[in-house]
Amino acid sequence: MSNVWVYNGKAYDLSDWISKHPGGEFFIGRTKNRDITSIIGSYHKNPEAVERMLQRYSLNRDALPEDIHPTNNAPDFLFNEGFDSWRDTPKYSFDNKEDLLHKVKARLRNPELAARIKRMDTIFNIVVALLAVAYFAVQGLRLAEPGWMPLPIFVIAMVLLRSSLAGFGHYAIHRAQKGMNKVYTNAFDFNYVALAFVTADGHALLHHPHTQSEVDIKKNVFTMMMRVPRLYRIPIHTIHKFGHTLTGMTIRLLDVCRLTRKVGVKEMYGTWGGALPHFIGSFGVRFLLVAELALFIAAGDFLAWALQFVFSLWISTFLVVASHDFELETEELHADTEDWGVNQLEQAYDLKVVGNRYVDCFLSAGLSSHRVHHVLPYQRSGFANIATEDVLREEAAKFGVEWIPAKSFFTDRFPKQIRTYLLSRSDEAKERDWGFVREHCSPSALKTCAVYTVQGFTGIGTV
């Protein structure tokens with residue numbers, strides 16, 4: 001397709017801006033042939049300045065349907081059947097200086113609050129460094145002296161550390177994709193759920209600006225396990241994700257390498273200098289995860305690795321989808337507002353694990369102040385979001401938005417997700433109104449299980 005980016009209904013060619021973008025080449029390169037109105041409005045402190053800059057790249061015409069890729073340059077399977085990006089991308093205006101987002105940003109310009117947010121970012125980074133040391137220390141101790149690191153303690157420690165480091169990766173995805181941060185972003189892979197290299201697009205550029213809409217691929221990407229009959233779902237999906245860890249995600253990365261070579265580095269990243277840190281970080285983390293498995297097998301301690309893998313995978317999977325009502329259909333989520341900030345507040349939950357927001361920031365993979373994160377996705381850390389929460393709550397009250405208390409992961413969200421994702425019939429059983437026996441014994445169901453298992457090892461399927 002032609003080099004077109006759409007903003008406020010107008011067409012632009014940002015090809016020459018890819019390598020100059022202060023937020024990194026990745027975000028501009030991936031949004032070609034998309035409507036970037038909500039991305040610019042939400043991810044920039046001063047969208048008006050960005051709009052003035054855009055005029056240099058204007059094509060001096062209105063956008064046309066053929067300017068927009070029907071599925072946002074993303075795989076078709078991530079969207080509902082019949083999805084069309086030109087028609088189904090929500091339209092929001094960010095020109096109203098009296099809307100919630102502008103009111104919050106105005107208060108954040110207070111020098112004292114801005115300084116506090118900066119301090120919180122620093123503290124957050126220090127905690128992350130300590131967690132990284134603990135991550136390697138716990139595994140090293142278990143491998144060297146298993147008696148000093150009993151199996152239950154090891155498993156619990158690894159689940160907590162993987163979720164915490166994935167929480168850092170979550171925020172790294174939202175930071176400028178420049179320099180070493182392109183490597184740090186891949187910490188999002190530590191919980192075995194995703195591939196940060198491609199999730200940076202689906203999460204930051206499709207989910208956040210268009211939460212709970214047809215564009216939000218996060219609604220669909222975790223429901224692929226629903227094709228598997230319910231009794232087989234946990235073991236089959238676990239093997240599927242083991243396949244992703246062992247070979248599948250590396251194959252997916254090689255696909256991205258081939259795509260980059262085909263399309264051209266300039267189109268994707270601007271320069272090889274912009275591309276290499278992404279590739280080095282991604283392949284490095286995939287190698288690390290496989291190397292950990294190999295070391296535990298060599299030490300005769302595969303059970304310890306397997307237990308931490310299973311618990312980390314499933315708890316993290318449910319954490320990822322706990323902060324929105326993804327179990328509800330899009331048409332059930334009524335958003336009676338044209339205010340983007342208000343819509344984000346109404347579609348997101350804060351998550352509680354132990355009750356302390358600073359601790360929960362890591363235990364929940366960065367979701368303890370999730371509503372602030374959705375209204376201000378450019379903030380660099382969960383601690384900064386906590387520091388900003390009072391401002392958002394006070395401004396939200398002026399717009400008549402009820403500030404719902406944080407939802408407990410274990411007593412509220414987790415039981416609902418168990419019913420939705422684990423206890424419900426398979427998609428095929430629902431469509432054909434099959435009973436329990438036929439759901440699990442039909443040839444097509446068994447074939448689905450076999451195909452889904454193999455897809456994991458080939459990099460196809462979930463994220």
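Biologist: A polar atom in the side chain of Ser424 lies 2.7 Å from the backbone oxygen of Thr420. Why is this called a polar contact?

Modeller: A polar contact is a pair of N or O atoms within 3.5 Å. Within protein, one atom must be able to donate a hydrogen and the other to accept it, and residues adjacent in sequence count only if both atoms are side-chain atoms. The 2.7 Å between Thr420 and Ser424 falls within 3.5 Å, so the pair is a polar contact.

Biologist: What are the ground rules here?

Modeller: This is a predicted model: local features need pLDDT of at least 70, side-chain atom pairs need 80 or more, and totals for chains, interfaces and linings use all residues. Residues are numbered from 1 along each chain as its sequence is written, and side-chain values use heavy atoms, without hydrogens or water.

Biologist: Where does Ser424 sit, and is it buried or exposed?

Modeller: Ser424 is in the loop between α19 (409–422) and α20 (427–432). Helices are DSSP runs of H or I with at least four residues, strands are runs of E with at least two, and both are numbered from the N terminus. Buried means under 20% relative accessible area, exposed over 50%, and partly exposed in between, with a 1.4 Å probe and protein chains only. Ser424 has 15%, so it is buried.

Biologist: Which residues does Ser424 contact?

Modeller: Contact means heavy atoms within 4.5 Å. Neighbours within four places aside, Ser424 contacts Met226, Arg230, Arg233, Arg419 and Lys430.

Biologist: Why is Ser164 called buried?

Modeller: Its relative accessibility is 5%, so Ser164 counts as buried. Ser164 lies in helix α7 (residues 151–174). Beyond four places in sequence, Ser164 contacts Leu131, Phe362 and Leu363.

Biologist: Which residues of α5 are buried?

Modeller: They are Leu100, Leu101, His102, Val104, Lys105 and Leu108. These pack against α2, α3, α6, α15 (340–347), α17 (370–375) and α18 (382–398).

Biologist: What makes a space a pocket, and what a cavity?

Modeller: On a 1 Å grid over the protein atoms alone, a 1.4 Å probe fits in a cavity but cannot get out. A pocket is an open set with protein on both sides within 12 Å along at least five of seven lines. Lining residues have an atom within 4 Å of a point.

Biologist: How many residues line the largest pocket?

Modeller: It has 35, and Tyr43, His44, Lys45, His174 and Tyr378 lie nearest its centre. Two or more lining residues come from each of α1 (25–30), α2 (37–43), α3 (47–54), α5 (100–108) and α6 (111–144). The most come from α6, with 6 residues. The pocket holds about 990 Å³. Volume here is the space filled by probe spheres set on grid points, which are joined across faces, edges and corners.

Biologist: How many cavities are there of 30 Å³ or more?

Modeller: The count is 2. The largest cavity has about 40 Å³. Its lining is Arg34, Asp35, Asn72, Ser85, Thr89, Leu205, Leu206, His210 and Val215.

Biologist: Which residues does UniProt list as "transmembrane region"?

Modeller: The unreviewed UniProt entry gives 123–141, 153–173, 276–297 and 303–322. UniProt positions use the numbering here, feature names are shortened, and annotations may be inferred rather than shown by experiment. In the model, residues 123–141 are 100% helix and 0% strand, with end C-alpha atoms 27 Å apart. Residues 303–322 are 90% helix and 0% strand, with ends 28 Å apart.
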